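Hi everyone, thanks for coming. Let me put the structure up, and then I'll walk you through a few spots in it.

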Amino acid sequence: MVLPNLKALQAAADLVHSVMPPTPQIRWPLLCARLDAEVWVKHENHSPVGAFKIRGGLVYFEELARREPRVSGVVAATRGNHGQSVAFGAARVGMRAVIVVPHGNSIEKNAAMRALGAELIVDGNDFQEAFEHATVMAEQEGLHTVPSVDEALVRGVASCAMELFEAVPALDALYVPIGMGSGICAAIAARDALGLSTEIIGVVAASAPAYALSFAAGRPISAEVAPTIADGMACRIPDPSALAAILTGAAHIVTVNESEIESAMRHLFTDTHNVAEGAGAAALAALLQERDRMRGRRVAVIQTGGNVDAEVFSRVLA
């Protein structure tokens, strides 16, 4: 995957902003005091679907409808936020959207996808098995498969980092959680296109270490996924094109455990009164882990989403 240039990123951002306004980036005093640094939070939980993924879906479906007008339906595998993006984008261009989720997926994310018009199929024990079932459905029903990582998705998602970099100049570091990799690839693309020196730091869950292991080895390494509150980061097999971009453009990857993620969810609520899902709090969890290294610096975290089930969130806050 060749990362998009500035002209392509600006055109994608224009498309995204024709549908949704930029999300806020806020410097929260309590977080700054907690970390002894200038901390900015990019609030993707304020998007129309409560997560950053919508940006990529808008660009992907606009181009798919123009490039392949005969496509009437699509299928995708997801743990939730990608599926909402697919459902939202498909509805805008009049396409059928079939979403495959694994067993045990978030009840409220499932409800949100159905509310956006998706046909929900439950199959498999993790994302990879859901993806394999989606691939079979694509062949059987003649559906177009929407990938989890694609240049058009990255181009759209990059509008998030473009907004942040333009609003908050001279960031020393930006922490980005990694699921399948579109978010961090987008941040790297925006940073490079704007000619900035900001460190892009990836974050993975200890329960889903595939990208951290792959980054250390310099090649794709699969790893089993244990249950994690950061369901949006539960990747078992890294995407090779995303990994290549991460190896080139990321400073390093931080691994955070379940306790650290839950603590970050609580801190985001107490310090900013924003609700974060597990993956959405992972960037702050990594910054908290590296607070000594970041003391006194201007840093940002992307709160990638706020789509957490009420039962799960109440347990975290208890």
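**A short tour**

Let's start at Gly-181, which sits in the loop between β7 and α8, the helix of residues 182-193. Before I go on, remember that this is a predicted model. So, is Gly-181 buried or exposed? Gly-181 has a relative accessible area of 4%, so it's buried. What does Gly-181 touch, if we leave aside its neighbours within four places in sequence? The contacts are Val-149, Tyr-211 and Ala-242. Arg-92, on the other hand, is 89 residues from Gly-181 along the chain, and the C-alpha atoms of the two are separated by 25 Å.

Now another loop residue. Glu-290 is placed between α12, residues 278-289, and α13, residues 291-294. Glu-290 comes out at 15% relative accessible area, and the cut-off for buried is under 20%, so Glu-290 counts as buried too. Not counting residues up to four places away in sequence, Glu-290 is touching Tyr-175, Ile-201, His-252 and Val-254.

On to the strands. β8 covers residues 199-205, and six of its seven residues are buried, so the rest of the structure largely encloses this strand. Its pairing with β7, residues 173-177, is parallel and runs over five bridges.

In which order do they come? Reading across, it goes β5-β4-β3-β6, with parallel pairing. At the β6 end, β3 (residues 73-77) pairs with β6 in the parallel sense through two bridges. One to look at there is Val-75, with Thr-145 as its bridge partner in β6.

Last stop, the aromatics. With ring centres required to lie within 6.5 Å, we count three aromatic pairs. Take Tyr-60 and Phe-61: their ring centres are 5.7 Å apart and the planes are at 70°, so that pair is edge-to-face. Tyr-60 is buried at 6% relative accessibility, and Phe-61 is buried as well, at 2%.

Then there's Phe-127 with Phe-131, a stacked pair, 6.3 Å centre to centre with 25° between the planes. Why are they about one helical turn apart? Because Phe-127 and Phe-131 are four residues apart in helix α6, residues 127-141. How accessible are the two? Phe-127 is buried at 9% relative accessibility, whereas Phe-131 is partly exposed at 32%.

That's my tour, so over to you for comments.

Notes:
Residues numbered from 1 in each chain as written. Predicted model: local features only at pLDDT ≥ 70, side-chain atom pairs only at ≥ 80, totals over all residues. Heavy atoms only, no water. Phe/Tyr/Trp six-rings, centres within 6.5 Å; stacked < 30°, edge-to-face > 60°. Buried < 20%, exposed > 50% of the residue type's maximum accessible area, 1.4 Å probe, protein only. Pairing = 2+ DSSP bridges. Contact = heavy atoms within 4.5 Å.
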